[in-house]
Amino acid sequence: MKKQLVTCVLLLSFLFIFPVEIQAADSNAPVEIKSIDLPKPVTEGGKPLMEALKERKSTREFSDEKLSLQTLSNMLWAANGISRPDGKRTAPSARNKQEIDIYVAMEDGTYLYDAKENKLIGVVAEDIREATGMQPFVKNAPVNLLFVADYDKMGDGSNEQKDFYAATDTGYVSQNVYLFCASEGLATVVRGMVDRDKCKAALKLKDSQKIILAQTVGYPKR
Ligand SMILES: Cc1cc2nc3c(=O)[nH]c(=O)nc-3n(C[C@H](O)[C@H](O)[C@H](O)COP(=O)(O)O)c2cc1C
């Protein structure tokens, strides 16, 4: 009896000391997603602008080869990274509101690009690539970007004006991705076809955050 009591006390103290490990072993517990520090972007080199413009195009066939962290870092910096000491970006934004966030959907989860810290903030550990589009290639392409405008960052003005600025500001970011891809021999296509409801739910976006467009990026299928 005494022996059983001691075992019971020992077991209870073990549970008390290691509750986190026990929780992690629970298969229903949500999988945690870690943030990723990106390597410093390489902001020199690449093809001359006129050549990149000549080669810019939409491609809808991707290999499933992944992008390295260095390539991701370079691409996100080209898309909407901080390019000047005053915090301004590679893409212009109406009244410099910088309301376009880039979510990066990959096989291991979806991340938010933090341009200031040059990192990918983990958002969900789920693979939501399929929900980012309605075309078969999106599911297996390594990267699907979601351009999300945060209307809370846009200050005063009518919703009509905000819709207009959010759309134009996204266009600049998307074209930057197109030119980076043309320069690096990557394949890409910007897409209006996005399952916005599914993505909004998966990413737990606020009502003030609107998914404007998506853009698939990867290596061309050989
Ligand atoms: C706002 C916008 C939305 C688009 N949506 C899609 C889309 O959902 N799916 C797709 O395959 N291409 C989409 N495209 C790509 C266009 O079809 C493509 O840019 C056009 O055919 C011209 O081809 P190019 O980009 O090679 O010049 C979109 C382009 C823009 C600008």
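Two strands count as paired here if DSSP finds at least two bridges between them. With that in hand, meet this predicted model: an open sheet of seven strands, running in the order 1-4-3-2-5-7-6 with antiparallel pairing. Strand 1 (36-37) and strand 6 sit at the edges with a single partner strand each, so one side of each has no neighbour in the sheet. There's also a ligand, and strand 6 (residues 187-191) gives the most to the shell around it, with three residues.

**Inside the sheet**
- Strand 5 (residues 143-150) and strand 7 (residues 209-218) pair up in the antiparallel sense, over eight bridges.
- Look along that pair and you'll find F147 standing opposite L213 in strand 7.

**The helix on the sheet**
- Helix 5 (residues 159-184) packs on the sheet, where it touches strand 2 (100-106), strand 5, strand 6 and strand 7.
- The direction of helix 5 makes about 10 degrees with that of strand 7.
- With 26 residues, helix 5 reaches 37 Å from its first C-alpha to its last, close to the 38 Å expected at 1.5 Å a residue.
- Just after helix 5 comes G185, which takes a positive phi of about 70 degrees.

**Around the ligand**
- The residues surrounding the ligand are K57, S58, R60, Q135, V189, V190, R191, G192, M193 and L213.
- Sorted by class, that shell has four nonpolar, three polar and three charged residues.

Definitions and conventions: Residues are numbered from 1 along each chain as its sequence is written. This is a predicted model: local features need pLDDT of at least 70, side-chain atom pairs count only at pLDDT 80 or more; totals for chains, interfaces and linings use all residues. A residue is near a molecule or strand if its C-beta atom, placed from the backbone, lies within 6 Å of it. Helices (H or I, at least four residues) and strands (E, at least two) are DSSP runs, numbered from the N terminus. Ala, Val, Leu, Ile, Met, Phe, Trp, Tyr, Cys and Pro count as nonpolar, Asp, Glu, Lys and Arg as charged, and the others, Gly among them, as polar. Two residues are in contact if their C-beta atoms, placed from the backbone, lie within 7 Å. Axes are lines fitted to C-alpha atoms, for helices over the stretch in contact, and angles run from 0 to 180 degrees between N-to-C directions. The expected span of a helix is 1.5 Å times one less than its number of residues.
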